[in-house]
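Colleague: I am new to this structure and would like to go through some of its labels. Please show it, and then I will ask what stands behind each one.

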Amino acid sequence: MTSPRGPSREAAIARARAEFDSGAFRERLESLIAIPSTSQDPAHAPDCRRYLEEGIQPWLARLGFESSIHPNPDPSCGPILIASRIEDPSRPTALLYGHGDTVLGLDEQWSAGLKPWAITEKDGLWYGRGTADNKGQHIINLAALEAVLAERGGVLGANVKLVLEMSEELGSKGLRPFVEAHRDYLAADALIASDGPRVEPGLPTIAAGSRGSFMFDLVVKLRQGGVHSGHWGGLTTDPAILLSHAIASIADRHGKILVRDWLPGETVPANIRAALEGCPVGGGQGAATIDEGWGEPGLTSAEKIYGWASFIVLAMLSGKPEAPVNAVAPEARAVCQIRYTGDSDPAKFIPALRAHLDAHGLQKVAIERTGIRMPASRTPPDNPWVLWTKASMERSLGTRVQVTPNASGGLPGDVFVDLLGTPLVWVPHSYNGCKQHGPDEHVIPAMMREGLAAFAGIWWDLGEPGTPARG
């Protein structure tokens with residue numbers, strides 16, 4: 001029921017918080033977590049569609065959206081839902097994005113008393129697959145919209161569109177051609193959506209893009225089979241040693257990247273450094289540590305993961321570690337990754353690496369299976385829509401909001417920048433220690449409640465004067 005004094009921003013935020021406190025939000029989340037919509041197991045393809053048809057579409061209809069479900073342009077991937085709620089085309093339009101697919105449940109790996117396809121509360125946390133990535137996050141944004149519409153009597157004063165895909169955990173295959181085919185339908189002033197973690201649990205965050213992921217293998221293959229280590233050790237080249245030297249030439253023992261053409265420049269650009277001044281990194285890191293001596297010297301932790309590139313060896317193998325034999329192995333392989341920012345040029349990565357290896361006498365080290373897994377994206381952190389959202393959130397929450405030039409991980413923001421020209425405003429509702437992609441994925445309930453309040457304020461303000469001018 002609307003306040004006797006008429007609709008108000010404060011009452012809309014109070015409605016969103018009351019939805020959470022009543023348990024209704026958790027009930028909705030539980031019903032969606034119960035749908036095992038993992039895109040990484042073809043047997044669950046029907047569940048991916050069911051998530052959209054049964055879990056999301058009826059709710060969108062009640063909120064006044066027109067929605068439709070479409071096949072993915074990639075036949076190996078799940079469907080994509082698009083929806084729109086247009087009140088006045090002359091008013092601002094926000095585009096929401098989310099994904100309802102998850103990684104594998106990994107049922108047998110969860111701690112005692114926990115399971116993936118249900119919400120279990122333990123030690124003040126809500127556990128379940130998709131609570132953080134990404135069901136809980138896009139549900140927050142829709143629930144907040146519902147609260148504002150209820151307070152305003154069903155009128156928002158702005159327009160909202162939605163893209164909800166079911167193959168993000170497969171690398172968002174098909175999303176780019178799909179958005180390109182529907183670019184007129186999805187045209188918007190800004191993408192304001194949620195995925196990824198905050199910089200730390202207690203600090204509301206806006207990320208204006210995401211780092212990209214570039215993959216390649218380093219391979220040393222010298223012969224058809226292993227040869228006796230006693231007869232040949234010290235005479236024939238050991239591929240594992242050669243591979244180790246290749247890796248050591250790429251980064252020093254402290255993790256500093258030595259292939260300098262991979263980097264955005266000599267140092268972090270001034271505008272990015274300014275945006276990251278005072279930005280904390282930490283909280284909920286789990287078993288990992290922030291090792292101050294690791295990575296590029298002279299950079300803060302925030303600059304290292306939000307403004308710089310990192311090189312990671314994801315896996316490496318020579319011989320059979322589980323059953324070693326007395327032989328010089330025939331080959332060695334390392335699976336490698338570059339996490340890079342939007343001001344780096346991935347077209348230079350492999351030519352620069354080849355020249356670097358050759359200069360170090362490592363011509364026998366081949367580079368295979370190269371390519372971008374997810375492109376980088378970035379909106380300037382002083383973009384008017386970023387600053388508008390920051391001001392809205394700070395007003396709603398009464399605390400400062402940290403803006404980062406991009407998230408540290410990968411998101412498909414490049415699709416929307418390239419094809420729709422929208423600035424990117426990611427407002428994450430999770431944190432680094434949420435254990436997404438592994439067993440025991442969880443969320444912090446207080447953070448979700450705060451996210452509801454923040455987005456209720458955003459939706460309210462979208463319908464008021466003062467939004468950024470259309471570009």
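Colleague: What makes Lys435 count as partly exposed?

Modeller: Buried means under 20% relative accessible area, exposed means over 50%, and partly exposed is in between (1.4 Å probe, protein chains only). Lys435 has 45% relative accessibility, so Lys435 counts as partly exposed. This is a predicted model, in which local features need pLDDT of at least 70, side-chain atom pairs count only at pLDDT 80 or more, and totals for chains, interfaces and linings use all residues. Residues are numbered from 1 along each chain as its sequence is written, and side-chain values use heavy atoms, with hydrogens and water left out.

Colleague: Where does Lys435 lie, and what is its phi?

Modeller: Lys435 is in the loop between strand E18 (424-426) and strand E19 (442-443); strands (E, at least two residues) and helices (H or I, at least four) are DSSP runs, numbered from the N terminus. Its phi is positive, about 65 degrees, although Lys435 is not a glycine. Most residues other than glycine have a negative phi.

Colleague: Is Asp123 buried or exposed, and where is it found?

Modeller: Asp123 has 70% relative accessibility, so it counts as exposed. It is in the loop between strand E4 (120-122) and E5. Asp123 also has a positive phi, near 50 degrees, and is a residue other than glycine.

Colleague: What is the omega of the peptide bond from Asp133 to Asn134?

Modeller: Omega is near 5 degrees there, and the bond is cis. Most peptide bonds are trans. Asn134 lies in the loop between strand E5 (125-127) and helix H4 (135-151).

Colleague: How do you know that Cys77 is in no disulfide?

Modeller: A disulfide is a covalent bond between the sulfur atoms of two cysteines. The rule used here asks for a pair of cysteine sulfur atoms within 2.5 Å, and by this rule the count comes to zero disulfides. For Cys77, the nearest cysteine sulfur is that of Cys48, 9.9 Å away. Cys77 is buried, with a relative accessible area of 12%.

Colleague: Why does Ser167 count as buried, and what does it touch?

Modeller: Its relative accessibility is 0%, so Ser167 counts as buried. Ser167 lies in the loop between strand E6 (159-165) and helix H5 (175-181). Contact means heavy atoms within 4.5 Å. Not counting residues up to four places away in sequence, Ser167 touches Ser39, Asn72, Cys77, Gly78, Asp101, Ser172 and Lys173.

Colleague: Why are H1 and H14 called roughly antiparallel?

Modeller: Axes are lines fitted to C-alpha atoms, for helices over the stretch in contact, and angles run from 0 to 180 degrees between N-to-C directions. Angles under 35 degrees count as roughly parallel, over 145 as roughly antiparallel, 65 to 115 as roughly perpendicular and the rest as oblique. The axes of H1 (residues 9-21) and H14 (residues 445-462) cross at roughly 150 degrees and come within 9 Å. The two helices are therefore roughly antiparallel. Residues making the contact include Arg9, Phe20 and Asp21 of H1 and Leu452, Trp460 and Asp461 of H14.

Colleague: What makes Asp461 buried?

Modeller: Asp461 has a relative accessible area of 10%, so it is buried. Leaving aside neighbours within four places in sequence, Asp461 is in contact with Arg9, Trp388, Ser392, Arg395 and Thr467.
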